[in-house]
Amino acid sequence: MQITIIKRAGMVLALAGAAFLTGCASPPKTLYGWDGYQPQVYQHFKGESPDQQIAEMEKSLQTISARGASVPPGFHAHLGMLYSITGKQDQMVTQFEDEKKLFPESAAYMDFLLAKVKKGEKI
Amino acid sequence: MMQRFLKLAACLAPLVLAVGCASNKPAAYDYTAFKAAKPRSILVLPPLNNSPEVNAGNSVYAQVTYPLAEAGYYVLPVGLVGETFKQNGMTVAADIHALPPAKLQEIFGADAGMYITIAKYGATYTVLDSVVVVSVEAKLVDLKTGTVLWTGSASASNNEGGNNGGGGLIGALVAAAVKQIINSTTDQSHPVAGVASVRLLSAGYNNGLLYGPRSDKYGTQ
C-alpha cells in the first residue's frame with residue numbers, strides 16, 4: 001500500500017517534470033505563418049525584380065493557408081504594392097482590402113493609399 | 001497523510017512550472033506610460049544607420065515585423081511605408097525621424113512609432129578573428145502625444161558561445177582571414193541582424209516590450 005502510494009507520488013513528480021520540460025523547451029507556436037514575407041521585403045529593398053517577388057509571395061500564400069496558419073500583418077499590403085508596381089491595379093485593390101479585413105488597424109493607411117489611387121496618383 | 005502529500009504535489013507542480021519558466025524577471029522598467037497608452041499598431045520608421053555599411057538600414061528594416069507581430073501588434077507594412085515616404089520626397093532616415101509624430105499618425109493611422117538606430121553592423125577584424133556584430137537601439141513613441149513609451153537595445157554576433165577550435169596561432173590567423181572574406185559580404189551580416197532584431201523587439205524579455213492586443217499574453221505583465 002505504502003509502496004504504491006510512493007510510486008504514485010513519484011509518478012506525479014515525473015509528470016510534473018515532463019510538463020516542466022515541455023513547457024520550456026518546445027518552441028512556442030507562432031501567431032502567424034512566416035513563409036517568405038520578410039525575405040521578400042528584403043528583396044524589394046534591394047531592388048530585385050517585383051515579378052519574382054510576386055511569384056514567391058503567391059506561393060507563400062498557398063503554403064500558409066495549406067498549413068492552416070494566419071497571414072502575417074503587412075503581407076497582403078506588400079503584395080498589393082508589388083502588383084501596383086507591375087501595373088496590376090485591380091489586384092492591388094483586392095490585396096489592400098484583404099489587409100483591411102484581416103487587420104482593421106490598417107484601415108486608415110489602406111484608405112489613404114486607395115484614395116490616392118482613385119485620384120490617379122502613385123501609391 | 002500520503003493522500004495529502006499527493007494533493008500537495010499536484011498543487012505545487014504547476015507552481016514549479018510557472019516559477020521555472022517565468023524566473024529572472026526583475027521589473028526594473030517603468031511601464032506606466034506604456035500601459036496607459038495601450039498601443040495596438042506600430043509604425044516602424046526606416047532605421048537610422050550609424051554604421052559604415054550602407055545596406056544596414058534595409059537589412060534591419062526588413063526584419064522588424066516578425067518579432068513585433070509575434071508580440072501581438074499590428075505592424076504597418078514596412079515596404080509600403082518606405083514607398084510612401086519616397087513618394088513624399090523623404091529618403092533620409094534622419095529626416096523621417098524628425099517628422100512630427102502627429103503628422104505620422106494622421107497618414108499611417110498607427111498608435112505608436114518605433115524609432116530604430118543601428119549602432120553597429122558588419123564585420124570587425126581583429127588580429128586573430130573577425131566577428132560580425134549588429135547592435136541596435138529602439139524607442140517606442142506614442143504618435144498622438146509624442147510620449148516615449150519604451151526604450152531598449154540589443155546586440156547579436158556570429159561568434160556567440162566563443163567556440164574557437166584549436167590549430168595553433170597560424171591556423172587561427174588563416175581561419176580569421178577566411179572568415180573575414182566570408183563576413184565581408186552583406187548577407188553574412190543579415191542573419192545576425194535578424195537575431196538582433198528579435199532580441200530588441202520581442203515581448204516577454206527583461207525590460208522588453210509588453211505584449212500587444214493580438215497576443216494571448218496581452219495584459220499579463
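The structure is a predicted model, in which local features need pLDDT of at least 70 and side-chain atom pairs count only at pLDDT 80 or more, while totals for chains, interfaces and linings use all residues. Residues are numbered from 1 along each chain as its sequence is written, and chains are lettered from A and ligands numbered from 1 in the order in which they are written.

H190(B) belongs to helix α9 (residues 186–201) of chain B. Helices (H or I, at least four residues) and strands (E, at least two) are DSSP runs, numbered from the N terminus. Although H190(B) and A56(B) are separated by 134 residues in sequence, their C-alpha atoms are 8.2 Å apart in space. Chain B comprises nine helices and six strands, and 37% of its 221 residues count as buried. Of the contacts in chain B between residues at least 6 apart in sequence, 73% join residues at least 24 apart; two residues are in contact if their C-beta atoms, placed from the backbone, lie within 7 Å.

In helix α5 (residues 78–87) of chain B, the buried residues are V78(B), G79(B), L80(B), V81(B), G82(B) and T84(B). Their cover includes α2 (37–45) and α4 of chain A, together with β1 (41–44), α3 (56–61), α4 (65–70) and α7 (101–108) of chain B. After α5(B) comes G89(B), with a positive phi near 75°.

In chain A, the axes of helix α4 (residues 75–85) and helix α5 (residues 89–102) come within 8 Å and cross at roughly 170°. Axes are lines fitted to C-alpha atoms, for helices over the stretch in contact, and angles run from 0 to 180 degrees between N-to-C directions. The two helices α4(A) and α5(A) are therefore roughly antiparallel (angles under 35 degrees count as roughly parallel, over 145 as roughly antiparallel, 65 to 115 as roughly perpendicular and the rest as oblique). Residues making this contact include H76(A) and Y83(A) of α4(A) and F96(A) and L102(A) of α5(A).

Chain A averages a pLDDT of 85, and 77% of the residues score at least 70; pLDDT is the predictor's confidence in each residue, from 0 to 100. Among the elements of chain A, α4(A) has the highest mean pLDDT (98) and helix α1 (residues 2–25) the lowest (48).

Note on methods. A residue is buried if 20 or more other C-beta atoms lie within 10 Å of its own, exposed if 12 or fewer, and partly exposed in between; C-beta atoms are placed from the backbone.
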